[in-house]
Amino acid sequence: MRPPLAVAGHTDDVLELAGGTLTPAERERAERFTRSGDRRDFVAAHLLVRHCAAELLGTRACMLTVVQRCEECGQAHGRPWLAEAPEVSISLAHTSGYVCAVAGYGRVGVDAEHVTGGPADENLVALALTPAEAKLVGDDNRGLIRQWVRKEALVKRGELTLGRLREADLSALPLVDGLTVPLEWEGRHFLEWTAGTVIASAVTDEPAKLHLLGG
């Protein structure tokens, strides 16, 4: 069984390199975006998750169908899955100009955010961090966003909700760039990377590999 795989890149690179076809439901959702940049990010992320899963499965992206269906309202959003390979978990994320995806057996989640300079947002600290995490982060906005993307990845794994972010204490994990090995926290494996102002994190059951598209 192949290890989990995370794939990421700038939106323009992904749109140029990643194959696949969106479903009618995905195309309808894409058309709802009023800003063309947001629409391109959405499309790129949904193509990339097919590319990621196809690389894991040894097939072609055009052979895979991404399905999303909310358990509460029945609409085409919520945690994605593959119609042709439901045993493989997938997750995707997009932030302005950058997208990422992860695929693997077991539960997976991924998130990415741009980080700005300046002090940490006190309201976000209060929403997301435990006292130990808040002490570790201090006034460092970069540290805050790193913890935020880790917890968003756990949300996408189905382990947390936005209202329960403080139930996971990640203060044992370092807040540094340039790590070359996955991090482990209570049996979960975090794979993290940066791209300019973007911080990204994928969480999987087993250590994941990372494939960066483009330059």
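How many bridges join β1 to strand β10 (residues 209-212)? Four bridges join these two strands, which run parallel; strands are DSSP runs of E with at least two residues, numbered from the N terminus, and two strands pair if DSSP finds at least two bridges between them. The model is predicted, with local features requiring pLDDT of at least 70 and side-chain atom pairs pLDDT 80 or more, while totals for chains, interfaces and linings use all residues. Residues are numbered from 1 along each chain as its sequence is written, and side-chain values use heavy atoms, without hydrogens and water.

Select β1, residues 5-10. Five of its six residues are buried (under 20% relative accessible area with a 1.4 Å probe, protein chains only; exposed is over 50%, partly exposed in between). Ala6 has Leu210 in β10 as its bridge partner. Val7 is partnered with Ala101 in β5.

Next, select β5, residues 98-105. Strands β5 and β1 are antiparallel and share six bridges.

Eight bridges connect β4 with β5 in the antiparallel sense, and Ser89 lies opposite Gly104 in β5. Two residues separate β4 and β5 in a hairpin, and Gly97 in the turn has a positive phi of about 80°.

Finally, select Asp139, in the loop between α5 (131-137) and α6 (141-157); helices are DSSP runs of H or I with at least four residues. Asp139 is exposed, with a relative accessible area of 54%.
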